[in-house]
Amino acid sequence: MSQVGELGSGAGKGGGGGGSIREAGGSFGKMEAAREEEFFYKQQKEQLKNLKSKSDETTKSTNAAAAQPAKQ
């Protein structure tokens, strides 16, 4: 993603402004941009944790099935 200028410093050249607070710029715009970045960082971290957990569960069930003797 390409940013023109600093996050929260006001409306840029890229189209949508991102809301009235971010368009206004100043310290409120910067604070809102920081909160938005933090929200998405935490959301991505949670998604990666869930993905790893599901991957570990799949690996354990696959290994358990492979360890059982074949029925004849």
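This report describes the fold, the surface and the side-chain contacts of a predicted model.

## Fold and surface

The secondary structure of the protein chain consists of two helices and zero strands. Of the 72 residues in the chain, 7% are buried, and the accessible surface of the chain amounts to about 6400 Å², with carbon and sulfur atoms accounting for 54% of that area.

Side chains of opposite charge can pair when their charged atoms come close. In this model the count of salt bridges is two, one between E38 and K42 and one between D56 and K52.

In the pair formed by E38 and K42, the side chains meet with an N to O distance of 3.3 Å, which falls within the 4 Å that defines a salt bridge. E38 and K42 are four residues apart in helix α2, which spans residues 26–67, so about one helical turn separates them. E38 is partly exposed, its relative accessible area being 41%.

In the pair formed by D56 and K52, the closest N and O atoms are 3.2 Å apart, and both residues belong to helix α2, where they are placed four residues apart, or about one turn of the helix. The two partners fall into separate accessibility classes: D56 is partly exposed at 34% relative accessibility, whereas K52 has a relative accessible area of 52% and counts as exposed, because the exposed class begins over 50%.

## An aromatic pair

A pair of aromatic rings is described by the distance of the centres and the angle of the planes. The model has one aromatic pair, formed by F39 and F40, whose ring centres lie 5.1 Å apart and whose planes make an angle of 75°. This arrangement is edge-to-face, because the angle is over the 60 degrees required for that class. F40 is itself partly exposed, with a relative accessibility of 44%.

Note on methods
Residues numbered from 1 in each chain as written. Predicted model: local features only at pLDDT ≥ 70, side-chain atom pairs only at ≥ 80, totals over all residues. Heavy atoms only, no water. Buried < 20%, exposed > 50% of the residue type's maximum accessible area, 1.4 Å probe, protein only. Phe/Tyr/Trp six-rings, centres within 6.5 Å; stacked < 30°, edge-to-face > 60°. Areas by Shrake-Rupley, 256 points an atom, 1.4 Å probe, with all protein chains shown as cover.
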